Amino acid sequence: MCHTGRQSASVDGETFKATFAAAKETVDRVFASVLHAHICRGSGDFIVYLAPEDRNFLRQKLRSSRTVYVLLALSYLLIVILFVVSLSRVSMLSSQLNEMRKELKRNNSSNDFKLFPCGPEAREWEYFSGKCYYFSLHATSWQRAKELCEEEHSFLAIINSHAKQNFIMYRTRNQRFWIGLSDRNAEGEWKWIDGSDSTTGFTYWKEGEPNNSDQNEDCAHVWTYGEWNDVYCTYECYYICEKPAPP
Ligand SMILES: [Ca+2]
Ligand SMILES: [Ca+2]
């Protein structure tokens, strides 16, 4: 077994020498054929001299690298330009969208005001000839009705024309509604709530009214058929508020 081992070691040694020589030759050939270079010291720097074919090879590689870098730079520039253009486009579209939303809102608002001239938020108010009117859904005293209208930035209705009388008559059929007319300050001197004298303008008193029944009737309301009547002010009636229509 030991003899066989020595033979084997001898064969391995020859094989190693042959392999080593082949490797050395390969290394030498690689150095000689690829670079053909030698290094010398000059002015303290290392200078590499390359064989012409290697210089051409390196130049081609450098050109290829430059081309790649140029293409990369151009790509980057193109991406930046596209990004800026896209950003600008998005910004423009966003601006246009906002304008369209505002226009739509204006149109909707305009349509709302066409449908509800007294304002879309005040649909219980009815429009007539530049004014808005509210017909109450509950009855109360004249003084309380006056206060409730004022809380809504309005006043008890002033009927100063036949057209307004017709409008109110139509809306108050078969019910009694307070209007802004009283002689509370001076008996028999009927004045509208804005201080104007009613005797010189339009009137629509029921025949025989105002009669100041029991010397205690100082507030006016429209009666069942729309005609006016004076009654005591703590009587409970529905009421009509009036205010100018929004511009
Ligand atoms: Ca009276
Ligand atoms: Ca009366």
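UniProt, in an unreviewed entry, places the feature "transmembrane region" at residues 68–87. This is a predicted model, where local features need pLDDT of at least 70, side-chain atom pairs count only at pLDDT 80 or more, and totals for chains, interfaces and linings use all residues. Side-chain values use heavy atoms, with hydrogens and water left out.

Student: How far apart are the end C-alpha atoms of residues 68–87?
Tutor: Over this stretch the chain is 100% helix and 0% strand. Helices (H or I, at least four residues) and strands (E, at least two) are DSSP runs, numbered from the N terminus. The end C-alpha atoms are apart by 28 Å.

Student: Which residue ties to Glu-209 parts that are 20 residues apart in sequence?
Tutor: Both residues of the pair are donors to the calcium ion (ligand 2); donors are N, O and S atoms within 2.8 Å of the metal (3.2 Å for Na, K and Ca), and water is not among the atoms, so sites may look incomplete. Glu-209 lies in the loop between β7 (191–192) and β8 (219–222), and its partner in strand β9 (residues 228–231), so the pair bridges these parts. The partner is Asn-229.

Student: Is Asn-212 buried or exposed?
Tutor: Buried means under 20% relative accessible area, exposed over 50%, partly exposed in between (1.4 Å probe, protein chains only). Glu-187, at 48% relative accessibility, counts as partly exposed. Asn-212 has 13% relative accessibility, so it counts as buried.

Notes. Residues numbered from 1 in each chain as written. Chains lettered and ligands numbered in written order. UniProt positions renumbered as here; feature names shortened; annotations may be inferred.
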